[in-house]
Amino acid sequence: MSIVPHITPARLCGLFALVLFVLAVSGLQQVAPGDWPGAVFAPNPDNIRDILVHYSWLPRLFAALLGGAGLGLAGVLLQQTLRNPLASPTTLGVANGAQLTLLLATLFAPALLVHSRGLVAFAGGALAMGLVFALAWRRALAPAVTVLAGLVVNLYLGALSFVFILFNQEQLKGLMIWGAGALAQNNWGGVLYLAPRLGLGLAAAAVLARALAVLDLDDVNARNLGVSLKYVRAASLAVAVFVTACVVAQLGIIGFVGLAAPAIMRLAGARTLAARLCWAPVFGALLLAVTDQVLQHLTGASAALIPTGATTAVLGAPLLLWLIPRLALSRTTPPAQSADPEQRHAAPRRLIAWAGMLALAMAGIALLIGQGADGWTWPLVDAWADTGVWRLPRVLAAGAAGAMLALAGAVIQRVSGNPMASPEVLGITAGTGLGLLALIWFVPAAGTLGMLGAGTGGALITLGLLLAINARSGFAPERVLLTGISVMFLFSAVQRIVLAGNDPRTQAVLAWMWGSTYHVDLTTALVVSVIAAAMLLLTRPLAMWLDLLPLGMPTARSLGVDVTRSRLLLLGIVAVLTAAATLIVGPLSFVGLLAPHMARLLGLSRARDHMLGSVFVGALLMIAADWVGRQLLFPAEIPAGLVASLLGGAYFMWLLRRI
Amino acid sequence: MLVGARTAFAADPPRVATVDWAQAETLIALGVPPVGLGQMDAYRTWVGGELPDATRDIGLRVQPNMELLEQMDIDLFTLSPMYAALRDRVARVADVESVSIYYRGGDVWSNLEAGTRELGALVGRKTAADRLIADTTAHIERLAEQVPADTPPLLVVQFMDARHVRVFGRNSLFGAALNQLGIETAWTGETTLWGFALVPLERLAAIDDARVAVVEPLPVGVADTLSASVMWQHLPAVQAHDVMRLPASWGFGGLSSGERFARDVVRALNSDASPAGLSRALPATR
């Protein structure tokens, strides 16, 4: 489905190659005016310009080309294997896994990094991927389950890393530069490391190509042809991970290229797998190299480092948004969740009452028990003035935020009939985070009110974007989710750039972004609680839509539901809920994904019960997360959103194994 | 600023807590060590120096533990504009005063002295503050006399990894200390509000008449990578002079950090350069 008929992969690559050539020549002339061919081929060791060209500029160019090619290759393999046009090397958690092990090594076993940095990164990437596989194995690595497992592992490893970064910012400053994909080189080591490994990956892909092409058929047909899908998929994923881990270990985390190169080549007319396998690495190489050259031209004299890997992701987000309406999704949509796999509970009311009571009990614990100047204390009447005034707003806000995220998650999961859907995935949490980030950066002394305003602004802009882009498709759930994922891409990229800049202000940004109830005052907490209650009441009458929409568009329509309008209204509600909750607990919690799942697994399957049950589970989770976060490393506090991710993520992985 | 209200403290020093390490360091030098300090362990690692036993950790610098502060009976909480978001909440448990050094622009060393005076006034130790400034000035003047006449401009860097450095300019703490010693700062490029720039190594190639001063700690493996790196070895500044290695200093600290840095620089300038047999470009010992 090419957009403009005369674009072909070869022509597009040719165009980029031309751009790269022009940029490279003009770049070379800046580094070494005059005799640059001499510098390239026969550097004079006494001339610093020659040295720069030969040992810094040139290896950097080649490293960018090799890295881009590797990611492009990995992207094709993953997209083909998972039958998901938006799969990418980072989907399986490889990058975040490598980041976590490198981080642990930096903090606890720095000696490991001297000679085996690549190995440490590879181990982390492989472990993360192994975890994803283990979680999805029972479902024969079914695409939807694998992607879901990857998402969860990614969020989980990311959250774990964040805890360490929050407390060890100075020690980890080098790793943050790596995490943003800075391509600077000062010898040929990186290139010599990457080249043979990329060659190996290409050879393996060539061997697998024929068997992989069968995956374009559906499972039944493919099996009839005698291809063991399980093993072909596993082998292909392993190659992709190997290549990704090599690139990541050497160059850092580079967003978007692995996703975009195959997708753009597909749109440009590379329809067969063989064509994509040929062209995507070429295009990936050119894409990364061009971006890097442009950045080198632009950042000339600036004081801040603008790393290439994160920048490609920032540039990629708008392109991704543009791509979404043009992707052929019908064929590649993950198979819908089976209509109602869980057993319906016999007495849902009683179950909901239990959940509500548990949430209340947790709130009581969080209000009355905690550590103080003299260690653990039990409630005393006069202690309330010391502690209660600080705890009440936090417990209230955490509960309300958890409830709102859970409700938003329940609604979006039902509207889309997709188990991966959650307010986090919708991108509104990320939009809110971007708003906060901009404020902290440009208005250094902003107060709580300013932060609330900026966060809401970010959420509204994201919502507007979401609506504008998806209006034409009638808010098809898959496309709405993809829009959200693009915004998340943008957010995580900006976050990486901020981290790499390693400005002393970073810690404040991190603490806010990762969802702390620290800055909530009683007024805010009450307002948020009222919003939560109002939205819950508002969604009660809409339960009928939520019972019918998961049955699919034709069924719902034939039963008299105005699908487009109902989806629009429900998405609007989700947006408001999410924005309000994100201001309190940050963009990264799992609660919106988790609570509705747990409620459903408990047997709450009718929309009305499902929503109410989710609300209580969500409140319980978030209050518990906030309390644990405040006690675990007392007097330091771990943001509630982070703890929720860690508690919830562990449970979710255990759960996934049993689906 | 509200100085009159605090004269009562002159006899009995107030219980002060702070989240800003530069201010903590200054308070200790003034003889009023903070009773509460954000991220104490990290402070010991990065700023160094003795902390009294009575000092308590109050949690992350951006989010000091409010319940704990409430129970600690704090008289005064000092912060810098970077932590302005804390003001309203902390104001509920203690008086809050903001002292600004790095955010205000202008000459960093004068800002350091002004900040020290402000802090001294806030804790009722005006004379101690004046004495600290006078002592530091005198010490630096003595140090300045020991600076060799042929000292080239110094390029002060701190390695982030083997490919990137923080390079400190004139409006950083290090640059200000060098200026007091009468030494030029080699980096004249753009810097952030804190006076440093984060750049890849090749950007240092443009600086030729300078001596490189590496502030520790050096991340693991960097020394090996550098001694094998043709580009590093050929950087004009590395070629021109022996690389100087300085013990760790907190680059965003107060007067005491600046003084310590100046002392270390002068000591390094006067010690014999690299021992024989080790890489000329990056001596492994100092």
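**Salt bridges in the model**

Trainee: Which residue forms a salt bridge with Glu170(A)?

Mentor: This is a predicted model, where local features need pLDDT of at least 70 and side-chain atom pairs count only at pLDDT 80 or more, while totals for chains, interfaces and linings use all residues. Side-chain values use heavy atoms, without hydrogens and water; residues are numbered from 1 along each chain as its sequence is written, with chains lettered from A and ligands numbered from 1 in the order written. A salt bridge here means a side-chain nitrogen of Lys or Arg within 4 Å of a carboxyl oxygen of Asp or Glu. The closest N and O atoms are 3.6 Å apart, and the partner of Glu170(A) is Lys173(A).

Trainee: Are Glu170(A) and Lys173(A) buried or exposed?

Mentor: With a 1.4 Å probe and protein chains only, buried means under 20% relative accessible area, exposed over 50%, and partly exposed in between. By that scale, Glu170(A) and Lys173(A) are both buried.

Trainee: How many residues apart are Arg60(A) and Asp292(A)?

Mentor: Their side chains meet in a salt bridge at 2.8 Å, N to O. Helices are DSSP runs (H or I, at least four residues) numbered from the N terminus. Arg60(A) sits in helix 3 and Asp292(A) in helix 12 of chain A, so this pair links distant parts of the chain, with a separation of 232 residues.

Trainee: Why does Arg44(B) count as partly exposed?

Mentor: Arg44(B) forms a salt bridge with Asp41(B), which is exposed at 54%. Arg44(B) counts as partly exposed because its relative accessibility is 40%.

Definitions and conventions:
Helices (H or I, at least four residues) and strands (E, at least two) are DSSP runs, numbered from the N terminus.
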